[in-house]
Structures are given as C-alpha cells and as structure tokens.
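Here's a quick briefing to read with the sequence and the 3D view open side by side. Take a look around first, then work through the points below.

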Amino acid sequence: MFVRIGNTPRDYAWGSRTAIAGLLGTTPSGEPEAELWLGAHAGSPARILDPTQTAGAEDLAAWPETAHLPYLLKVLAAAGPLSLQAHPSSEQAREGFERENAAGLAADSPERNYKDPFHKPELIFALSDPFEALCGFRDPAVSRAVFEELATSSGDPRIAAFADTLQGEPGDVLRRATEWLLGGDSAVAELVEAVVTASESRDDRDADTVRMLSAAFPGDPGIVLALLLNRATLRPGEVLYLPAGNIHAYLDGLGIELMAASDNVLRGGLTPKRIDVAELVRVLDFSPIVATPLAPEHPAAGVEVFRPDVPDFALDHVVVGGGVASAPVELPGTAIALCTAGEVELTGASGSLRLTRGEAAVVTADEGTLTVTGDGTLFVATPNR
C-alpha cells in the first residue's frame with residue numbers, strides 16, 4: 001500500500017526560516033522551521049493525506065499499520081546550535097523509565113529524564129555544504145594542547161590551571177572535567193569568560209566554535225565543554241552516526257535525520273532546559289573517538305544504504321535519471337519515502353505512486369522490492385534488516 005503523508009515543520013527557535021522550504025519547494029511560514037517529522041511519534045505524527053486509504057485514521061500514530069514504527073525520519077534545519085546532548089542505551093532507557101515510574105513521576109513531569117523505555121541512536125545525512133556538528137569526546141591530550149595555547153596567548157592562569165587537569169587516563173579525565181564544568185562551581189563561569197576572551201582574536205577552528213556558542217549561549221559552561229569534543233564538518237552526502245552515549249550537538253546546516261522512535265534526551269549544556277548532571281554522566285561514553293562519516297553500502301547503481309549497528313533503522317539514498325534508469329529498494333518493513341528533488345515513481349507489488357519534490361509517503365512492506373524510476377532524489381527510511 002502507498003499512503004501519502006505530510007506534516008508542518010516544528011518551530012524550535014534554533015531552526016532556519018528558509019532551508020526546509022527551500023529544499024522541499026514549500027512556502028516559508030515566516031517563523032523558524034527546525035524539524036519536519038515524518039513518522040508516527042506522538043510528539044508530531046505525520047498526517048495521512050487521504051484517510052479513506054487507512055479506514056479513517058488521520059495520522060500515522062492512529063493507523064495500526066504504522067502506530068509502532070521503530071524509527072522517525074526528519075528534515076532538520078539548524079540556523080544555530082542545538083543543546084549538547086546524549087541518548088541512553090536500551091538497557092539504560094528501560095531501567096531509567098521504570099525507576100521514574102516507580103518514583104511516581106507523571107509522564108509530563110519536568111523532572112523526568114525518560115519519556116519512554118527506548119534508546120535513541122540517530123544519524124544525520126548532510127544536505128548543506130557544510131553541515132557542522134560536535135560529535136563525541138576527542139583525545140583529552142588534543143584538548144589540553146588547545147587550552148595550553150589559549151593560556152599562553154592570553155596569559156590567563158585560569159585557562160592554564162584547567163589545562164593541567166586534563167592529564168591521566170582519558171576516560172577518567174573526561175568524566176572529571178565534564179562533572180566539574182556542569183557541577184555549578186563558581187570558578188566555571190570565570191573559566192568560560194577567560195576562554196571566550198582568549199578566543200576573540202584567534203583565527204582557528206576551536207576559537208570559531210567558542211565564538212559561535214558564546215553568541216548563542218553567553219556564559220554557558222557548554223562553551224568550554226565543547227572544546228573537549230570533536231568538531232565534525234560534513235559535506236553533502238556524508239553521514240554522521242551518533243550511537244548511545246555519544247555527546248553531540250548540531251551547530252548549523254540542513255540534513256536528513258533518522259533515529260529510533262524515542263524522546264529520551266539527556267542534556268549537557270547550551271540550553272535553558274533542565275540538566276541532570278548525574279544522569280547525563282551515567283549514560284555518557286567517555287571513550288575518545290575520531291568523528292568519521294558512516295560508510296554506505298552500494299547494492300545497486302543509484303542506491304546507497306546507510307546501515308548503523310541497530311535494528312531500528314536504515315536509510316536508502318536513491319538518485320535516478322541520467323545514466324540510472326531505475327533503482328531497486330528492498331523493504332524489510334514499513335518504509336517512509338521522501339522526494340527531495342525532481343520527480344520519481346515508486347513501483348511495487350500492488351501498483352505505483354509518483355512523488356515530486358517535497359512529497360512523502362508510507363510504503364507498506366507487502367509492496368516487496370520497490371523499483372524507483374524517473375529523474376530525482378529519494379530518501380527511504382526502513383527498519384534495518
């Protein structure tokens with residue numbers, strides 16, 4: 001079955017006013033348009049554009065065929081930094097959800113960390129050039145060198161003292177630094193001020209990160225915490241995968257985001273929202289990483305598949321036209337397809353559906369392997385076989 005769907009972009013303050021409309025060929029609302037949700041998540045389920053096909057169900061959360069989709073597909077457009085955040089593993093989410101239920105916290109309580117018992121790994125496919133993000137802790141020796149250079153150029157002993165703390169076993173160093181920066185010590189505000197001042201006249205990537213974050217969240221401890229992380233610059237077509245425990249923040253850009261269908265977010269700065277430092281530290285992975293793009297599979301001409309290490313989701317990126325007359329897309333489960341350029345036709349076991357730029361549809365698994373033809377670009381979210 002093919003079911004056309006749509007939705008209204010969410011107006012979070014960090015959203016771009018033009019990027020989503022520019023991609024999909026829609027009329028800008030005049031307000032920030034941060035995320036277009038195409039899924040069944042109760043926070044903003046996609047509308048069914050022809051309810052006669054679904055026995056009157058008006059959105060995907062109300063239609064049995066899609067009520068329990070394991071993934072959520074989004075178009076994301078950041079015109080400013082999102083909060084520093086991490087997401088729990090399945091085990092951590094289940095334990096935390098049960099613990100907060102047992103404590104009697106209401107489902108909508110602001111004291112809740114866990115809205116559901118599920119993990120929330122995610123990936124972002126860059127459409128803009130560039131797409132900027134912070135992703136995971138880097139080797140603290142690298143960060144220590146950055147702070148030492150800032151201390152030398154500014155002559156500020158507060159920065160030098162912090163640099164001296166970044167010695168030892170990497171995981172322990174990063175845990176201690178994170179706990180101290182987010183713990184409310186009065187000296188943190190002084191350090192943030194010193195780092196911002198020292199970065200003003202510098203022309204390097206880390207100073208650029210400091211200036212960007214300070215402009216959006218002046219005085220926030222996340223400004224210094226960000227210098228313990230990798231700055232990732234994605235080019236169009238590159239994908240960043242963010243597993244459980246990865247601390248990250250999108251900074252600027254337009255992309256296709258795909259994640260497990262959960263609302264569990266532990267924040268760590270760059271936000272006016274609640275931060276539970278102890279719980280954040282409990283779920284964070286403090287192992288240093290190098291933020292590298294996720295490599296795709298190439299099952300057929302015109303098709304690349306981004307397949308993370310979780311069963312919840314995989315993303316097919318399909319480009320047809322020119323030298324590629326048609327391309328196959330396997331459906332291991334119910335899929336959501338979004339056309340972002342040109343026009344494509346999806347043909348399955350029961351018939352076909354034409355999508356033009358900005359149009360989206362649910363495709364049920366009984367359509368089998370889809371054949372995509374036309375001249376355009378298609379993103380297809382599915383469970384990960």
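This is a predicted model: local features need pLDDT of at least 70, side-chain atom pairs count only at pLDDT 80 or more; totals for chains, interfaces and linings use all residues.

Residues are numbered from 1 along each chain as its sequence is written, and side-chain values use heavy atoms, with hydrogens and water left out.

**Salt bridges**

- Side chains of opposite charge can pair when their charged atoms come close.
- Here a salt bridge means a side-chain nitrogen of Lys or Arg within 4 Å of a carboxyl oxygen of Asp or Glu, and the count by that rule is 22.
- One of them pairs Glu 95 with Arg 282, whose closest N and O atoms are 3.2 Å apart.
- Glu 95 sits in helix α2 (residues 90–102) and Arg 282 in helix α9 (residues 277–283), so this pair ties together parts that are 187 residues apart in sequence. Helices (H or I, at least four residues) and strands (E, at least two) are DSSP runs, numbered from the N terminus.
- Glu 95 is partly exposed at 35% relative accessible area, and Arg 282 is partly exposed too, at 37%. The cut-offs are under 20% for buried and over 50% for exposed, with partly exposed in between (1.4 Å probe, protein chains only).
- Now for Arg 231: its side chain meets Glu 132 in a salt bridge (3.0 Å, N to O). That pair links distant parts of the chain, with Arg 231 in strand β8 (residues 229–234) and Glu 132 in strand β7 (residues 131–137), 99 residues apart.
- Are these two buried or exposed? Arg 231 counts as buried at 16%, and Glu 132 is buried at 11%.
- Arg 231 also forms a salt bridge with Asp 208 (3.1 Å, N to O). Asp 208 lies in helix α7 (residues 205–216) and Arg 231 in β8, so the pair ties together parts 23 residues apart in sequence.
- Asp 208 counts as partly exposed, at 31% relative accessibility.
- Salt bridges with shared partners also join Glu 95, Arg 99, Glu 279 and Arg 282 into one network.

**A strand covered on both faces**

- In a regular strand the side chains alternate between the two faces of the sheet.
- Strand β2 (residues 35–38) has both faces covered: Glu 35 and Trp 37 on one side, and Leu 36 and Leu 38 on the other, are all buried.
- β2 and strand β4 (residues 71–78) run antiparallel and are joined by 4 bridges; two strands pair if DSSP finds at least two bridges between them.

**Two helices side by side**

- The axes of helix α3 (residues 140–154) and helix α4 (residues 157–164) come within 8 Å and cross at roughly 160°. Axes are lines fitted to C-alpha atoms, for helices over the stretch in contact, with angles from 0 to 180 degrees between N-to-C directions.
- α3 and α4 are therefore roughly antiparallel to each other, a label for angles over 145 degrees.

**What UniProt says**

- An unreviewed UniProt entry annotates residues 4–138 as "domain: Phosphomannose isomerase type I catalytic". UniProt positions are given in the numbering used here, feature names are shortened, and annotations may be inferred rather than shown by experiment.
- Over residues 4–138 the chain is 14% helix and 23% strand, with the end C-alpha atoms 43 Å apart.
- Which residue does UniProt list for "active site" (unreviewed entry)? The record lists Arg 267, which is in strand β11 (residues 266–267) and is partly exposed at 21% relative accessible area.

Key:
Angles under 35 degrees count as roughly parallel, over 145 as roughly antiparallel, 65 to 115 as roughly perpendicular and the rest as oblique.
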